Amino acid sequence: QTKTGIALLYNEETGNTYDIRLKLTKEVLTIQKQDVVCVNVGETYPNHRTVVLRRQAVGGLGLSIKGGAEHKVPVVISKIFKDQVADQTGMLFIGDAVLQVNGINVENATHEEVVHLLRGAGDEVTITVQYLREAPSFLKLPLGSPGPSSNQSSRTSSPLFDSGLHLNGNSTNTAPSSPSSPTANEPKYEKRWLDSLSIPLLMARVSNYKAGTDKLRSNSLEILALDGVSTGILQFCTASECMDWLRSISTNINDLTLQNVRIRDYKLFSSFLLQIIHMGWVSEKLLGSESPKLYKFKFLALKSSSVYIFNTPPVSTLDWVRAETIHNLCEVLFKVHKLWITEDCWLQAKLYLGLHQDCELQDNKPFCFSVMAGHGKSHYFSVELGSDLAVWEKSFQRAIFMEVQRTGSKTYICSSQGKILCFTIDFAAGFTCSENVSKNILWKYKFSQLKGSSDDGKTRVKFLFQNPDTKQIEMKELEFADLTAVLHCIHSFIAAKVAAVDPVFIDSQSIARKYMYTS
């Protein structure tokens, strides 16, 4: 299903906005710009149009203009008065840039210079125009107080307001251009939306934040294709309209990316590709960085036994060995950062009310999660939507549980009282500690017998197990080279065990999914 709508394209260099039309399909987002085209069958005409206007006693030339070189914008036709001279030609349109007046080039003329030429051109005026596809939107829209009752005499000297009354007389009957029917030998022109830029959505990314920051753009978003081509900043009338487009584009990107990675080259790489649980774009906070940019886009993937972090998406099987970071899924801890309001409310709070989240957030982004790994390594990610957060939480759970069941057990070298030991976490048997050389079992407990633990935050941990016979608590102290990885692995195995016994309980603990249901 195709989604269409009108938006503005913002130029950050000039600060101007341009009217565009968006067309969203399953695979592509297309930006369309208006242009004037000749629609006569079998005829081709240049983009420049030369039109002869015969000034009328009432209504004058029947048009208004805006702009001027002093404001670094061209002079354009901003109004065409219905059933008057300019309208009757069928060859002039709102948004046409005036290039010549009676053969005099006015492309670099000021507003007053063009007004003077038009007023002094006599009863017959020949103008050459070209439709300006990227005319700033304020040149096409009336500014100031709307309606014919506004005080036009006080603003005719400004190039950003319409120069109409002193060109056309006192007519106030304005309407969009409605060209009359040309004769058979005359060219017929129409305004149409023409494709200007197409952004493939496969592995594209979308954001409504300013690049590298936690600053939310007001009612705006940007889409970047896999090859880095950008739509530019797309602006919408309301926050809800912007959010609607953000959701639609994100859904298509996610669906297309996951479908493609499973279908492409299926016969050659099916066993490889089917190990992918989830993948997509996230923003990673640059912890401890002195860079002015707080965030950097990363491509996150859950595949087989590992979580992969890429600077750019893997588009071939060889790209997987080029990941920036790889962590074993059994040894990571996934944590959703607390959130308490819906997307639309968050946008309104940020943009209009100035509210701040009083929760476990490190900055101004509401949908965040952490991936903590061994040796104290931690990654802080954010996503655009609460639905994205829910998918990542569920995907991490599924990937970790699958890896635990596939692995079955993990063994770590440790020490206790100067002896080198082996500590094994087994999905079926629980915990086992044995001598490193002889493999003699020193002690073993089920998962259910673990009643608590404490650690020094570095290398040592104390486990409290309940003896099944005496019901007494027995303490076992061990020391590990990478204690964090061991503790995360224990968490993964116990969570997977609980999920196997009571999956409903695991679902009930989901913070992000609770958000999905309540919103």
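Biologist: What makes β25 and strand β26 (residues 460-466) a pair, and over how many bridges do they join?

Modeller: Two strands pair if DSSP finds at least two bridges between them. β25 and β26 have 5 bridges and run in the antiparallel sense, and within this pair serine 453 stands opposite phenylalanine 463 in β26. The model is predicted, so local features need pLDDT of at least 70 and side-chain atom pairs pLDDT 80 or more, whereas totals for chains, interfaces and linings use all residues. Residues are numbered from 1 along each chain as its sequence is written, and side-chain values use heavy atoms, without hydrogens and water.

Biologist: How do you know where a strand or a helix begins and ends?

Modeller: Both are DSSP runs numbered from the N terminus: helices are H or I over at least four residues, and strands are E over at least two.

Biologist: Why are β17 and β18 said to stand at the edges of their sheet?

Modeller: That open sheet has 7 strands in the order β17-β16-β15-β14-β20-β19-β18, with antiparallel pairing. β17 (325-328) and β18 (333-336) each have a single partner strand, so one side of each has no neighbour in the sheet. From one strand to the next, the twist averages 30°. Inside this sheet, β19 (residues 368-372) and β20 (residues 378-382) run antiparallel and are joined by 5 bridges, with serine 370 partnered by tyrosine 380 in β20.

Biologist: Why is α8 called roughly perpendicular to α9?

Modeller: Axes are lines fitted to C-alpha atoms, for helices over the stretch in contact, and angles between N-to-C directions run from 0 to 180 degrees. The axes of α8 (residues 386-407) and α9 (residues 483-501) come within 9 Å and cross at roughly 95°. That makes α8 roughly perpendicular to α9, since the class covers 65 to 115 degrees, with under 35 roughly parallel, over 145 roughly antiparallel and the rest oblique.

Biologist: Which residues make the contact between α8 and α9?

Modeller: Contact means heavy atoms within 4.5 Å. Ile400, Phe401, Val404 and Gln405 of α8 meet Ser492, Phe493, Ala495, Ala496, Ala499 and Ala500 of α9.

Biologist: How do you know whether serine 492 is buried or exposed?

Modeller: Buried means under 20% relative accessible area, exposed over 50% and partly exposed in between, with a 1.4 Å probe and protein chains only. Serine 492 has 2%, and is therefore buried. Leaving aside neighbours within four places in sequence, serine 492 is in contact with Leu329, Cys330, Val332, Ile400 and Val404.

Biologist: Is alanine 97 buried or exposed, and what makes it so?

Modeller: Alanine 97 has 5% relative accessibility and therefore counts as buried. This residue lies in strand β7 (residues 96-101). Alanine 97 and tyrosine 131 are 34 residues apart in sequence, yet their C-alpha atoms are 5.8 Å apart in space.
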